[in-house]
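Thanks for coming. I have one model to go through today, and I will keep to what can be computed from it.

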Amino acid sequence: MEDKDTGRLNIDSTIYTTRLSRKFLGRKPWSPADPGSVVSYIPGTVLDILVKEGQAVKKGEDLIILEAMKMQNFIKSVIAGKIKKITVEKGDRIGKGTLLLEIDPD
Amino acid sequence: MALNRKIEELREKKKQILLGGGEKAIEKQKAMGKRTARERISALVDKDSFMEFDLFIEHDARDFDMDKKSLAGDGVIVGSGTINGSPVAVYAQDFTVAGGSLGMMHSRKITKIMDYALKMRMPLIGINDSGGARIQEGVNSLAGYGEIFFRNTISSGVIPQISVILGPCAGGAVYSPALTDFVFVVDNISKMFITGPEVIKTVLGEEISMEDLGGARVHSELTGNAHFFASDEEECFAQIKKLLTFIPRNNRNGAIAVEAREPDGKFDPEKIVPDDPTLPYDVRDVIRAVVDKSDFFEIMEMYARNMVIGFARLGGVTAGFVANQPQEMAGVLDVDSSDKAARFIRFCDAFNIPIVTFMDLPGYLPGVDQEHAGVIRHGAKVLYSYCEATVPKITVILRKAYGGGYIAMGSRHLRADFVFAWPSAEIAVMGPEGAANIIFRKEIMSSDDPEETRGKKVEEYRKKFANPYVAASRGYIDAVIEPGETRACLLHAIKATAGKTVKMIDKKHGNPPF
């Protein structure tokens, strides 16, 4: 933890001298969602991959079956495009937020 | 003579049950650095005050060879006793008996003592040390948890409920502590989680120890599930006993007042707070400077440190203190500190404890993470709980009181009964820098020397608004006081508000932004 005399926090253009919490220091910078990157929204196991690299997909098409909490979740494409890269394999156990595949949008 | 034999028989039966899970299981318990359930109760209540209920309870499960097993007391000890001479109801799960697992009769013992505590209006203390549901008893075990949660909920705000986590407390079992007022944890002993390391490993392949997942430190620093952290069981019991000196035994009795005592001389209120509003200090020293014996009993010391909460006495009367902490995150309001303050305010209100607020905050913490974590909804809890509270509300503005933060921290507008301000108070929509940048934007931009103009305008704003007198001229502040007068003003306010009566609009209940 930082010393109380070294941390700086800017609130409404005023700089305060204060300790900064671990949660604050560890926060992740925000970046806009990329519709071409399909990311797991729940941890689970990749039960099946329904597409191949280079394949064209339509919006709403099933891409991957992710088994999580005893449910088969069909991960669908939110855009139309071509599968650029598949970054998981059948049987992989993955956490939340794992990149599953990338799509080149049309 | 015949009676003597029967007394002997009773003693023999008791002796068997008092051994709990037997010597081997007790040895194992000790090897984990844990006391037995009976030792814990003895350590907690006044000497020889414990009266045990339902020692001879037995389960009647048949499946999975359970009919061949006898479990001493069905794995839980319940009864009533006194702490500091005041009655309490206690249950303690006995890990040496079937891992303290919760079966139907086990839960019935707990619910019986809960019903008793509620009817007699005495605090309930639950010592949790259990492997969880007794799987062999199936849905009866789940029913048992549900019955406990129901009683925790209907007892909330009527009797203080204290949970002591002295072993594992996993799965659905965690929700009883979560529904209670104060959760005590002990380093290396307490473990709380919904799904344990095993499941996480199977599902995700992530390996994590019980300690890192849901140990005492995690719940004290990170999750906010625990209110008191101790390094061993002895310290934990001392904390519980101290807490009970501050709070009443139910919502109709006030907390017991003690003889008034002066604060220690070593905290001088005039020397703690730096004049420059951007410099840090420890607001707990201001509390210590004004309360009896300088004794401040802090709650959730390690969680959301930018907000300080706890109990102390003013002229012998318990008061709940809520204070922004400038030395941590500049004392901002954020998601965690809002939750922390709001729940404490509601406890004080439910149990007739006056609320004293010390205000010194720059406003809310900016950031995408805060907005996306719902700082609007969480921040609203502070407003709701202050507005709703009908106990005496006394606010002292020490220094900064900017923007929405000023409104939220027990301002006049939320019906504070007394609002005092130190001469160092600055009540304004925002800090002088931010305000000048907006109000004098054009002048600053079009100036030949924008920085010089900015500096001048900031000073101009500071002189005009960064003081308590504008708010005082509107009556939003009752009195501008010298720091040295703070204790006298608080003592006056506590006495003056002792008969406070507020009739709220008749309704079933409100809908706070949980």
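First, the conventions. This is a predicted model, in which local features need pLDDT of at least 70 and side-chain atom pairs count only at pLDDT 80 or more, while totals for chains, interfaces and linings use all residues. Residues are numbered from 1 along each chain as its sequence is written, and chains are lettered from A and ligands numbered from 1 in the order in which they are written.

Chain B, then. Its C-alpha atoms fill a box of roughly 100 × 55 × 45 Å along the principal axes. The secondary structure comes to 21 helices and 17 strands; these are DSSP runs numbered from the N terminus, H or I of at least four residues for helices and E of at least two for strands. Of the 514 residues of chain B, 50% count as buried. Buried here is 20 or more other C-beta atoms within 10 Å of the residue's own, exposed is 12 or fewer, and partly exposed is in between, with C-beta atoms placed from the backbone.

A contact is two such C-beta atoms within 7 Å. Among contacts in chain B between residues at least 6 apart in sequence, 74% join residues at least 24 apart.

The domain assignment of chain B gives domain 1 (2-246), domain 2 (269-429 + 467-496) and domain 3 (432-465). Such bounds come from an automatic or database domain assignment. Between domain 2 and domain 3 of chain B, the C-alpha centres lie 30 Å apart.

Now the packing. A nonpolar core is a set of buried Ala, Val, Leu, Ile, Met, Phe, Trp, Tyr and Cys residues joined through C-beta atoms within 7 Å. The largest such core has 137 residues, and F184(B), I240(B) and I287(B) have the most contacts inside it. Helix 13 of chain B, residues 335-350, gives the largest share of this core, 7 residues. Which residues does I240(B) touch, not counting those up to four places away in sequence? They are L44(B), I125(B), I162(B), V164(B) and F184(B).

One helix in detail: helix 4 of chain B, residues 104-120. Its 17 residues should span 24 Å at 1.5 Å a residue, and its end C-alpha atoms are 24 Å apart, which agrees. The expected span is 1.5 Å times one less than the number of residues. Buried residues in helix 4 of chain B include M104(B), K109(B), I113(B) and A117(B). Among the elements covering the buried residues of this helix are strand 2 (76-83), strand 3 (86-93) and helix 5 (139-155) of chain B. Just after helix 4 of chain B, R121(B) takes a positive phi of about 55 degrees.

One loop residue: V429(B), between strand 16 (426-428) and helix 17 of chain B. Is V429(B) buried or partly exposed? V429(B) is partly exposed, because 15 other C-beta atoms lie within 10 Å. Leaving aside neighbours within four places in sequence, V429(B) is in contact with Y402(B), G403(B) and A435(B). V429(B) and G404(B) are 25 residues apart in sequence, yet 7.7 Å apart in space, C-alpha to C-alpha.

On to chain A. It is divided into domain 1 (1-30) and domain 2 (37-105), and 38 Å separate the C-alpha centres of these two domains of chain A.

Chain A has an open sheet of 4 strands in the order 3-10-8-5, with antiparallel pairing. Two strands pair if DSSP finds at least two bridges between them. The edge strands are strand 3 (37-39) and strand 5 (56-57) of chain A. Strand 5 pairs with strand 8 (residues 81-86) of chain A over 2 bridges, and V57(A) has G81(A) as a bridge partner.

Another open sheet of 4 strands in chain A has the order 7-6-4-9, also antiparallel. Strand 7 (71-76) and strand 9 (93-94) of chain A each have a single partner strand, so one side of each is left without a neighbour in the sheet. Strand 6 (residues 62-68) and strand 7 of chain A pair over 6 bridges, with F74(A) as the bridge partner of I65(A). A second, separate nonpolar core of 11 residues includes I64(A), I75(A), I83(A) and L101(A).

Last, the contact between the chains. It takes 25 residues from chain B and 19 residues from chain A. On the side of chain B that touches chain A, the elements giving two or more residues are helix 7 (197-204), helix 14 (368-372) and helix 17 (432-439) of chain B. Helix 17 of chain B gives the largest share, 3 residues. By class, that side of chain B has 12 nonpolar, 8 polar and 5 charged residues. Here Ala, Val, Leu, Ile, Met, Phe, Trp, Tyr, Cys and Pro count as nonpolar, Asp, Glu, Lys and Arg as charged, and the others, Gly among them, as polar.
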